[in-house]
Amino acid sequence: MRPLHGLILGLCFIMMLVFSTGCQSHIGGQTLPSGYYLDDDVQYFAPSSRNVLQNEAIKLQAEE
């Protein structure tokens with residue numbers, strides 16, 4: 001009975017490892033994200049004004 005108990009426990013552990021990892025797939029040349037992409041860390045984007053032309057005009061006026 002003991003070997004069967006160890007086998008079942010081992011299989012449960014392997015299944016836990018398999019289901020806890022995400023998977024990426026390559027379809028049609030694209031790398032698609034895993035099912036856990038919503039849980040990933042958020043990338044940081046430095047704050048800046050959306051109007052780039054206005055920033056350029058302000059810089060040009062400051063140089064004069």
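Colleague: How far apart are the end C-alpha atoms of helix α2 (residues 52–63), and what span should its twelve residues have?
Modeller: This is a predicted model. At 1.5 Å a residue, the twelve residues of helix α2 should span 16 Å. The expected span agrees with the distance between the end C-alpha atoms, which is 17 Å.

Colleague: Does α2 lie largely buried or in the open, and how many of its residues are buried?
Modeller: Buried means under 20% relative accessible area. Helix α2 has twelve residues, and it lies largely in the open because the number of them buried is zero.

Colleague: What share of the 64 residues in the protein is buried?
Modeller: The protein has two helices and two strands. Their order from the N terminus is α-β-β-α. Across the 64 residues, the buried share is 2%.

Colleague: Is Met15 buried, exposed or partly exposed?
Modeller: Met15 sits in helix α1 (residues 2–20). Its relative accessible area is 47%.

How values were computed:
Residues are numbered from 1 along each chain as its sequence is written. This is a predicted model: local features need pLDDT of at least 70, side-chain atom pairs count only at pLDDT 80 or more; totals for chains, interfaces and linings use all residues. Side-chain values use heavy atoms; hydrogens and water are left out. Helices (H or I, at least four residues) and strands (E, at least two) are DSSP runs, numbered from the N terminus. Buried means under 20% relative accessible area, exposed over 50%, partly exposed in between (1.4 Å probe, protein chains only). The expected span of a helix is 1.5 Å times one less than its number of residues.
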